[in-house]
Amino acid sequence: MSSVVIYYSLEGNTKVAALELALLLGADVFEIKTIKSYPTFKLGKIITGGYEATFGLKPWIEPMPIDLANYDLVILALPVWAGKPASPILSFLDEHDVTGKQLALLVTSGSGDGQSCVEALAQRLGVAADSLPVLSLREPRKLAEDERADQIHSFAVQLASKEVS
């Protein structure tokens, strides 16, 4: 099964987890990059990202040379912003049709488990939230490396098995 991990990461938490997962799966990797950078100071990130997520605003993203027809499994890796999907992932979905693809989510957050984000993204994708394989990690860069690796490995095994439908 051909797989791709498509991720957006503001602070590197999602990136580290997405790259580890892609390596384990032998998947291609594409990073979503915004045209305009987000603020790097904490309050600016919270206000800008949280505002966008809360009100469904979507930033412009750089063009991505990806043909999803080449992949059976599409794994979207994203941070949670204000309990919702980070808005750059929504920009990606506006530009790329994932209809008919097997989907999985890798969700990272600074607090909580990201369930409301998963539900919102599942609704956007037109699928039931409980039908999506999901790995939810809280601040992956702060997790002990072996703990993070174990969780990502278990998820990779799940995705590589016939459990993904």
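Biologist: Which residues in helix 5 meet helix 1?

Modeller: This is a predicted model, in which local features need pLDDT of at least 70 and side-chain atom pairs count only at pLDDT 80 or more, while totals for chains, interfaces and linings use all residues. Residues are numbered from 1 along each chain as its sequence is written, and side-chain values use heavy atoms, leaving out hydrogens and water. With contact taken as heavy atoms within 4.5 Å, and helices as DSSP runs of H or I with at least four residues (strands being E, at least two), numbered from the N terminus, helix 1 brings Val 16, Ala 17, Glu 20, Leu 21, Leu 24 and Leu 25 to the meeting. Their partners in helix 5 are Arg 148, Ala 149, Ile 152, His 153, Phe 155, Ala 156, Leu 159 and Ala 160.

Biologist: How many residues of the contact of helix 1 with helix 5 are nonpolar?

Modeller: Ala, Val, Leu, Ile, Met, Phe, Trp, Tyr, Cys and Pro count as nonpolar, Asp, Glu, Lys and Arg as charged, and the others, Gly among them, as polar. On that division, the contact of helix 1 with helix 5 holds 1 polar and 2 charged residues, and its nonpolar residues number 11.

Biologist: How are helix 1 and helix 5 oriented to each other?

Modeller: Their axes, which are lines fitted to C-alpha atoms over the stretch in contact, with angles from 0 to 180 degrees between N-to-C directions, lie 9 Å apart, and the helices pack at about 45 degrees. Angles under 35 degrees count as roughly parallel, over 145 as roughly antiparallel, 65 to 115 as roughly perpendicular and the rest as oblique. Helix 1 and helix 5 are therefore oblique.

Biologist: How are helix 3 and helix 4 oriented to each other?

Modeller: The axes of helix 3 (residues 87–95) and helix 4 (residues 115–125) come within 12 Å, crossing at roughly 10 degrees. Helix 3 and helix 4 are therefore roughly parallel.

Biologist: Which residues of helix 4 make the contact with helix 3?

Modeller: Helix 3 contributes Ile 89, Leu 90, Leu 93 and Asp 94, and the residues of this contact divide into 5 nonpolar, no polar and 2 charged. From helix 4 come Leu 121, Arg 124 and Leu 125.

Biologist: Which element gives the largest share of the lining of the largest pocket?

Modeller: Elements giving two or more residues to this lining are helix 1 (13–25), helix 2 (42–55), strand 3 (73–81) and strand 5 (102–109). The lining divides into 6 nonpolar, 11 polar and 6 charged residues. The largest share, 5 residues, comes from helix 2.
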